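I am keeping these entries as a record of what I looked up, in the order in which I looked.

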Amino acid sequence: MKKLTFLLLAFLAVMGVTFQSCDDGDGYSLGDVAVDWATVNVKGAHVYDFTGDRWGKIWPATTDYFWYSPIDGQRVILYFNPLYDNYPEGYDCSVKVLNIKEILTKPIEELTAENEEEFGNDPVDIFEGNMWINGGYLNIVFNQNMPSKVKHLVSLVKNTTITPEQDGYIHLEYRYNTYGDTTGYWRNGAVSFSLGSLEITSETKGIKVKINSAKNGEKEITFDLKDTPSPTGMSRMDFSQMEIK
């Protein structure tokens with residue numbers, strides 16, 4: 001058995017990453033602005049770096065976000081000025097951090113007969129392509145029917161109450177609980193689930209995630225064991241008003 005790992009894909013041109021200007025020197029201009037989904041890696045007291053889904057290993061050489069308190073494994077949308085490629089040693093680039101927007105980050109949980117009601121199974125509104133694997137996480141962007149009082153619960157679970165099909169895939173379920181509290185006021189929501197706890201064998205083909213789609217009912221989405229690019233525009237969406245836990 002071995003821990004589930006994912007291959008990092010490098011993309012030379014990315015719609016979600018934009019540049020405003022670029023000079024002809026060895027580095028970048030301070031006018032260059034890039035955006036990436038990334039994972040925070042805490043190295044010590046007030047020392048941290050990032051692993052970007054597209055930019056690779058990122059060293060924050062300087063920052064405008066000096067009050068940030070890093071949490072190891074936290075998923076974020078990182079806004080930055082790229083400064084140099086392949087510097088310092090062991091990094092793909094060094095950057096000036098402009099802004100950090102945290103994404104709700106959760107582990108896979110176990111669903112049992114005793115706790116199934118808490119996870120709920122309300123319909124979810126996810127556009128095609130807005131669920132993807134990258135950076136060792138299952139990332140989901142969805143439309144949230146906002147609550148008036150209670151934050152909605154989003155979960156990725158192993159359902160122990162059923163025996164999954166023996167088809168070579170790891171079977172998971174995305175569960176959503178509105179607690180019956182919706183307002184008809186819609187906003188963007190996002191969550192990343194760590195896949196690091198999954199164990200696979202050489203026979204494992206990938207992951208299947210069952211969702212209760214508001215449009216199509218129950219369906220399974222299949223992922224092979226490789227990273228996929230984040231959908232166009234995901235880094236530019238506003239998740240500041242989401243109410244989930």
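Is Arg75 buried or exposed, and what is its relative accessible area? I find that Arg75 is buried, with a relative accessible area of 0%, where buried means under 20% relative accessible area, exposed over 50% and partly exposed in between, with a 1.4 Å probe and protein chains only.

Basis of the entries. I am working on a predicted model, in which local features need pLDDT of at least 70 and side-chain atom pairs count only at pLDDT 80 or more, while totals for chains, interfaces and linings use all residues. Residues are numbered from 1 along each chain as its sequence is written, and side-chain values use heavy atoms, with hydrogens and water left out.

Salt bridges. I looked for these as a side-chain nitrogen of Lys or Arg within 4 Å of a carboxyl oxygen of Asp or Glu, and the structure holds six. In one of them Arg75 is paired with Asp53, with 2.8 Å between the closest N and O atoms. This pair links distant parts of the chain, since Arg75 belongs to strand E5 and Asp53 to the loop between E3 and E4, 22 residues apart; helices (H or I, at least four residues) and strands (E, at least two) are DSSP runs, numbered from the N terminus. Asp53 is buried too, with a relative accessible area of 3%.

I then turned to Glu116, which forms a salt bridge with Arg175 at 3.4 Å between the closest N and O atoms. Here again distant parts of the chain are linked, Glu116 lying in helix H1 (residues 116-119) and Arg175 in strand E11, 59 residues apart. Arg175 also forms a salt bridge with Glu173, the closest N and O atoms being 2.9 Å apart, and the shared partners join Glu116, Glu173 and Arg175 into one network. Within it, Glu116 is partly exposed at 30% relative accessible area, whereas Arg175 is buried at 6% and Glu173 counts as buried at 8%.

Aromatic pairs. I took rings of Phe, Tyr and Trp (its six-membered ring) as paired if their centres lie within 6.5 Å, with planes under 30 degrees apart counted as stacked, over 60 as edge-to-face and the rest as tilted; the search of the whole structure finds eleven such pairs. Trp55 and Phe80 have ring centres 5.2 Å apart and planes at 90°, so I note the pair as edge-to-face. Trp55 is in the loop between strand E3 (47-52) and strand E4 (56-63), and Phe80 is in strand E5 (residues 75-85), 25 residues apart. Tyr65 and Trp67 make a tilted pair, 4.7 Å centre to centre with 50° between the planes; Tyr65 is buried at 18% relative accessible area, but Trp67 counts as exposed at 52%.

Nonpolar cores. I used sets of buried Ala, Val, Leu, Ile, Met, Phe, Trp, Tyr and Cys residues joined through side-chain atoms within 4.5 Å. The largest core has 23 residues, of which Leu138, Ile140, Tyr174 and Val209 touch the most other members. Strands E8, E9, E10, E11, E12 and E14 each supply at least two residues of this core, and E11 gives the most, with four. Apart from this core lies another, of 16 residues, including Ile58, Leu78, Phe80 and Cys93.
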